[in-house]
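Here's a quick briefing to keep beside the viewer. Have the sequence open too, and start with one residue before zooming out.

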Amino acid sequence: MKNLFKLIYRYHVFFVFILLETFSLSVAITNNNYQRATFFDSGNFLSGTLFEKFSSVTQIFEFKQVNLKMAEENIVLRSALHEMLLKSNRGNYRTSDSIYLPQIAKDSSQKAVYKFTTARVINNSINQQHNFITLNKGRRDGIKPDMGVIANGQVVGLVTNVSENFSTVISLLNSKWKISAKVKRNDYFGSLSWDGKDYRRVQLNEMPYHVPIQNGDTVVTTGYSSSFPEGLMIGTISEFTIGSGSNFYKIEVLLGADFKNLVIVGLVENKQLNEIKQLESLNKYGN
Amino acid sequence: MAINPFKYLLIFVVSVLLQVLIFNNILIARVIAPFVYILFIVLLPFETPRSLLMVLALILGFTVDLFTNTPGVHASACVLIGFLRPVILNLITSRETLESVSNPRVSNMGFHWFATYVAFLVVTHHLFLFFIEAFTFDSFLLTILRVILSSVMSIVLIVLSQFLIFRN
């Protein structure tokens, strides 16, 4: 027994090393799943507040550009609205008068399923394999997990964790997250993920090679994930090859959103998400 | 010579802030991402007990993990270099020097020695970190390229910091 203590004392540095290394590595491995990041989450009070303060200074310089972008987006939306009004009134519509708006709201039998809000990005990274974004709004502002995050109408990520005042978003540039996506032109769908190599390109997988695709095809959301409405832009096909010995294309998709320059993002809430999830969970118990 | 713990607390805070607020936002040529926060481990006095060194490294790693949503990843890389630092020091320094000089600084040890010492620590740290982060040997060459280029940048930045801040 005495010898054992002697041995432990003699090599205590090595034992401490093994202990600490095992501890930190096991933390790393058990938290490998992005959804389980809880305490180590940039939305926690300490880092959330720090990022908020720092970004409010650095982003001053970017707001002019953001304003310009929003003005452009306004014009696009206004013209889309104009077109919709024209269609819905079957030609009776003449001027872009706001009087017609309430009529449309009454006409449509469908309730609005998606609700939109905005938030400011207070931390963002693109230089890691698993990138996350931190937003300055949290539970108090009605942000919930699984809300979709978009910038200028393009997919950016998904809300994973929410604290009182902040929320964290798993970025599309995170190799642990997959989203279903389809080619807009022919509706064939596959799964979209990031291989961690280039922050401007993601990969569309599981697309069988009989599907006709070409460079420049638009890739949009399918709406299967219920966090995003169908047909939201993700990017365009920039390159595709047939993998050797594989029945699937290797497709590179050039992202529409500029992840290096995110300041204001939109959040999409699917009001029917809980209902859909409940219904889908019934199938799991059936097995 | 007495060690001023507040000085090292300051170095700790500044290293972490530099990393999470500035260098975490840097990505050059799609592969270079410098990790300079290990400056804290680099600058600790020679006489720091080995177990304490590893505990401090663990705290440093977990602090950075807190900001990057990567629980345990930076911590494990830091514990590794905390363990290896005395080994590296014994390899490149004579026993007399270690006893007569108290702190690893350019001013005490010379540019050549300091650069070698930093290079050992940075390369070990980055090699471990990038592979744990990728969690695969799939894109082995790309990860190696990342390690080499990022290491060069981190080494330059850490050595440079000796001439700009933390001269003592």
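B:Val73 sits in helix α4 (residues 73-92) of chain B; helices here are DSSP runs of H or I with at least four residues, strands are E runs of at least two, and both are numbered from the N terminus. This is a predicted model, where local features need pLDDT of at least 70, side-chain atom pairs count only at pLDDT 80 or more, and totals for chains, interfaces and linings use all residues. Residues are numbered from 1 along each chain as its sequence is written, while chains are lettered from A and ligands numbered from 1 in the order in which they are written.

**Around B:Val73**

- Is B:Val73 buried or exposed? B:Val73 is buried because 31 other C-beta atoms lie within 10 Å; the cut-off for buried is 20 or more such atoms, for exposed 12 or fewer, with partly exposed in between, and C-beta atoms are placed from the backbone.
- Skipping neighbours within four places in sequence, B:Val73 is in contact with A:Ala28, B:Asp65, B:Leu129, B:Ile132 and B:Glu133; a contact means C-beta atoms, placed from the backbone, within 7 Å.
- B:Val73 and B:Phe130 are 57 residues apart along the chain, yet their C-alpha atoms are separated by 9.2 Å.

**Helix packing in chain B**

- α3(B) and α4(B) pack with their axes 7 Å apart, at an angle of about 155 degrees; axes are lines fitted to C-alpha atoms, for helices over the stretch in contact, and angles run from 0 to 180 degrees between N-to-C directions.
- That angle is why α3(B) counts as roughly antiparallel to α4(B); the label needs over 145 degrees, with under 35 being roughly parallel, 65 to 115 roughly perpendicular and the rest oblique.
- The α3(B)/α4(B) contact divides into 15 nonpolar, 4 polar and 3 charged residues; nonpolar covers Ala, Val, Leu, Ile, Met, Phe, Trp, Tyr, Cys and Pro, charged covers Asp, Glu, Lys and Arg, and the others, Gly among them, are polar.
- Helix α1 (residues 5-22) of chain B also meets helix α3 (residues 50-68) of chain B: the axes come within 10 Å and cross at roughly 30 degrees.
- That contact is made by B:Phe12, B:Val16, B:Gln19 and B:Val20 of α1(B) with B:Leu60, B:Thr63, B:Val64 and B:Phe67 of α3(B), giving 6 nonpolar, 2 polar and no charged residues.
- The crossing of α1(B) and α3(B) is right-handed.
- Helix α7 (residues 111-134) and helix α8 (residues 140-164) of chain B pack at about 140 degrees, axes 8 Å apart, which means α7(B) is oblique to α8(B).
- Among the residues of the α7(B)/α8(B) contact are B:Phe130 and B:Phe131 of α7(B) and B:Ile155 and B:Ile158 of α8(B); by class it has 14 nonpolar, 6 polar and 1 charged residues.

**Chain against chain**

- The contact takes 32 residues from chain A and 31 residues from chain B.
- In chain A, α2 (12-30), α3 (45-58) and β2 (130-135) each supply at least two residues of the side touching chain B, and the largest share, 10 residues, comes from α2(A).
- That side of chain A has 14 nonpolar, 14 polar and 4 charged residues.

**Nonpolar cores**

- The largest nonpolar core has 46 residues, and those touching the most other members are A:Leu135, A:Val149, A:Val156, A:Val169, A:Val219, A:Val253 and A:Val265; a core is a set of buried Ala, Val, Leu, Ile, Met, Phe, Trp, Tyr and Cys residues joined through C-beta atoms within 7 Å.
- Strand β4 (residues 154-162) of chain A gives the most to this core, with 5 residues.
- Apart from that core lies another, of 43 residues, among them A:Ala28, B:Leu53, B:Val64 and B:Ala77.

**The two chains overall**

- Chain B has 8 helices and 0 strands, and 40% of its 168 residues are buried.
- Chain A comes to 6 helices and 12 strands, with 30% of its 287 residues counted as buried.

Technical notes: A crossing is left-handed if the near helix is turned anticlockwise from the far one by less than a right angle, and right-handed if clockwise. Two residues are in contact if their C-beta atoms, placed from the backbone, lie within 7 Å.
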